[in-house]
Amino acid sequence: FCQAEDGIRDPLWSRGLGDVYKRQPYDLDLTYGIGWRRQGNEELRWHFGAYASNEAIGHTGWTGTVTVIDPKYDLGIILLTNKKHSNYTGEHFFGDTFQTGQFGSVMQLILSLIHI
């Protein structure tokens with residue numbers, strides 16, 4: 001866990017461009033930003049869980065990583081797993097069946113534990 005401002009040490013943020021290139025919505029789908037996904041319209045509960053604010057942004061990685069930055073709560077969460085490095089059943093990876101393979105439920109649990 002980190003405070004959102006601690007997790008962002010990009011010189012562009014200090015010039016006020018962070019909101020533009022990380023949180024600007026794509027016209028046809030408000031969940032897309034430039035390089036980040038947005039919780040804006042709450043369509044991505046599988047990623048952000050039920051308690052992330054509409055300001056939350058995040059990114060997933062194919063191997064089982066997820067990042068959520070929620071400026072409203074001054075919170076950054078990074079979950080590192082290797083769920084794709086497990087047996088493949090022909091329908092899904094075995095690691096996808098674990099709780100850590102369900103990004104939204106993990107984010108929801110973390111946010112509920114800190115009483116958000």
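Trp62 is exposed, at a relative accessible area of 59%. That places Trp62 over the 50% mark used for exposed residues. The structure is a predicted model.

**Aromatic pairs**

The chain holds three aromatic pairs. Trp62 and Phe93 form one of them. Their geometry is edge-to-face, with 5.7 Å centre to centre and 90 degrees between the planes. Which parts of the chain does this pair link? Trp62 sits in the loop between strand 2 (57-61) and strand 3 (65-70). Phe93 sits in the loop between strand 4 (75-80) and helix 4 (103-113). The two residues are 31 residues apart, so the pair links distant parts of the chain. Is Phe93 buried or exposed? Phe93 is buried, with a relative accessible area of 16%.

Phe94 and Phe98 form another aromatic pair. This pair is edge-to-face too, at 5.1 Å centre to centre and 80 degrees between the planes. Phe94 counts as partly exposed, at 43% relative accessibility. Phe98 is partly exposed as well, at 44%.

| Residue | Relative accessible area | Class |
|---|---|---|
| Phe94 | 43% | partly exposed |
| Phe98 | 44% | partly exposed |

**Cluster and charges over rings**

Trp62 and Phe93 also belong to an aromatic cluster, together with Tyr88. What lies over the face of Trp62? Lys84 does, at 5.8 Å from the ring centre. Trp62 thus has Lys84 over its face and Phe93 as an edge-to-face partner.

**Fold and sheet**

The chain has four helices and four strands. From the N terminus, the elements run α-α-β-α-β-β-β-α. The four strands make an open sheet in the order 1-2-3-4, with antiparallel pairing. Which strands are at the edges? They are strand 1 (37-38) and strand 4, and each pairs on one side only.

Strand 2 pairs with strand 3 in the antiparallel sense, over five bridges. His59 stands opposite Thr67 of strand 3. Strand 3 in turn runs antiparallel to strand 4, and six bridges join them. Val66 has Leu79 in strand 4 as its bridge partner. Strand 3 and strand 4 form a hairpin, with four residues between them. In that turn, Asp74 has a positive phi of about 55 degrees.

Where does helix 4 lie? Helix 4 lies across strand 2, strand 3 and strand 4. Helix 4 runs at about 135 degrees to strand 4.

**The chain as a whole**

The chain has 116 residues, and buried residues make up 35% of them. Its accessible surface comes to about 7,200 Å². Carbon and sulfur atoms account for 55% of that surface. Among contacts with a separation of 6 or more, 31% are between residues 24 or more positions apart.

Notes:
Residues are numbered from 1 along each chain as its sequence is written. This is a predicted model: local features need pLDDT of at least 70, side-chain atom pairs count only at pLDDT 80 or more; totals for chains, interfaces and linings use all residues. Side-chain values use heavy atoms; hydrogens and water are left out. Rings of Phe, Tyr and Trp (its six-membered ring) pair if their centres lie within 6.5 Å; planes under 30 degrees apart count as stacked, over 60 as edge-to-face and the rest as tilted. Buried means under 20% relative accessible area, exposed over 50%, partly exposed in between (1.4 Å probe, protein chains only). A charge sits over a ring if NZ of Lys or CZ of Arg is within 6 Å of the ring centre and within 35 degrees of the ring normal. Contact means heavy atoms within 4.5 Å. Accessible areas come from the Shrake-Rupley method with a 1.4 Å probe; for residues, only the protein chains shown count as cover. Two strands pair if DSSP finds at least two bridges between them. Axes are lines fitted to C-alpha atoms, for helices over the stretch in contact, and angles run from 0 to 180 degrees between N-to-C directions.
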